[in-house]
Amino acid sequence: MAGFRITLSTEMFSGLSVVIPYALALFVSTGLATFIVLEYWPNGLGAWIILTVLVVVQPERETMKTKVAYRVGGTLIGGLISILLLFSLEIFDLQSGYMQLFLAFICISLAMSYYQSGPYWIFVTFITPGVVLLDSNQASDQIKVAEIRVLFTLIGAVVAVLIAVSIRELAKRVRYSGS
């Protein structure tokens with residue numbers, strides 16, 4: 001029986017200087033993120049890791065750096081806004097589902113107003129509390145959701161960056177060794 005072997009040829013990376021490394025980075029990082037989620041967080045919240053990987057892996061290095069900074073920065077700010085809103089609702093005894101829905105609607109509306117026009121970090125900043133507020137009706141649960149959203153975004157960004165940088169470096173070495 002013949003064995004299966006993967007070889008990286010210089011022809012594979014020449015002429016397609018961005019496409020092949022990008023496709024490999026997306027494939028490997030999404031696969032690893034999916035494994036991590038299904039193995040450790042199969043409850044659904046881990047999907048933020050996969051989503052972050054899909055969003056931040058970009059064909060060009062500078063575009064990816066910007067996307068990572070916007071995704072992580074927007075999520076951190078949005079997580080902080082979420083926690084402040086949840087504490088405010090608790091302090092003023094406004095934890096009813098209607099108030100949370102109203103605030104979620106405001107946040108999601110603001111996010112959608114930046115979805116096309118950008119910048120992306122503002123979209124992420126407002127979509128985060130919108131999603132957190134929609135999650136449940138108990139403030140303590142929602143604070144945990146905000147924390148998990150931030151944590152999983154960070155994990156997804158790290159996975160994406162490590163794999164994309166590694167594959168880009170490999171592609172460079174293969175390209176240069178074939179010259």
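Q: How do helix H4 and helix H6 pack, at what angle and how far apart are their axes?
A: In this predicted model, helix H4, which covers residues 61-91, packs against helix H6, residues 120-135, at an angle of about 35°, and the axes of the two helices are 7 Å apart.

Q: And is that crossing left-handed or right-handed?
A: The crossing of H4 and H6 is right-handed.

Q: What classes of residues make up the contact of H4 with H6?
A: Sorted by class, that contact has 12 nonpolar residues, together with seven polar and two charged ones.

Q: Staying on H4, is Leu80 buried or exposed?
A: Leu80, which has its place in helix H4, counts as exposed because its relative accessibility is 52%, and the cut-off for exposed is over 50%.

Q: How far apart are Leu80 and Thr125, in sequence and in space?
A: Along the sequence Leu80 and Thr125 are separated by 45 residues, while in space the distance from C-alpha to C-alpha is 9.3 Å.

Q: Stepping back, how many helices and strands are there in the protein chain?
A: The protein chain has seven helices and zero strands, so that, by the way such elements are assigned, reading along the sequence gives the pattern α-α-α-α-α-α-α.

Q: What share of the residues is buried?
A: Of the 179 residues in the protein chain, 37% are buried.

Q: New topic: how far does helix H2 reach?
A: Helix H2 runs over residues 19-40, which is 22 residues, and from its first C-alpha to its last it reaches 31 Å, close to the 32 Å expected at 1.5 Å a residue.

Q: Why does Thr30 count as buried?
A: Thr30, a residue of helix H2, counts as buried because its relative accessibility is 18%, and buried means under 20%.

Q: What is Thr30 in contact with, leaving aside its neighbours within four places in sequence?
A: With those neighbours left aside, Thr30 is in contact with Ala25, Ile50, Val53 and Leu54.

Q: Now Gln142, where does it lie, and is it buried or exposed?
A: Gln142 lies in helix H7, which spans residues 139-177, and it counts as buried because its relative accessibility is 0%.

Q: What does the side chain of Gln142 reach?
A: The side chain of Gln142 reaches the backbone oxygen of Leu133 at 3.0 Å, and a polar contact of 3.3 Å also joins the side chains of Gln142 and Gln100.

Q: Last one, what is the phi of Asp93?
A: Phi of Asp93 is near 55°, which is a positive value in a residue other than glycine.

Q: Where is Asp93, and is it buried or exposed?
A: Asp93 has its place in the loop between H4 and H5, and it counts as exposed because its relative accessibility is 64%.

Methods. Residues numbered from 1 in each chain as written. Predicted model: local features only at pLDDT ≥ 70, side-chain atom pairs only at ≥ 80, totals over all residues. Heavy atoms only, no water. Helix = DSSP H or I, 4+ residues; strand = E, 2+ residues; numbered from the N terminus. Buried < 20%, exposed > 50% of the residue type's maximum accessible area, 1.4 Å probe, protein only. Polar contact = N/O pair within 3.5 Å; in protein donor to acceptor, adjacent residues only side chain to side chain. Expected span 1.5 Å × (residues − 1). Axes fitted to C-alpha atoms, helices over the stretch in contact; angles between N-to-C directions. Left-handed = near helix turned anticlockwise from the far one by under 90°. Nonpolar A, V, L, I, M, F, W, Y, C, P; charged D, E, K, R; others polar. Contact = heavy atoms within 4.5 Å.
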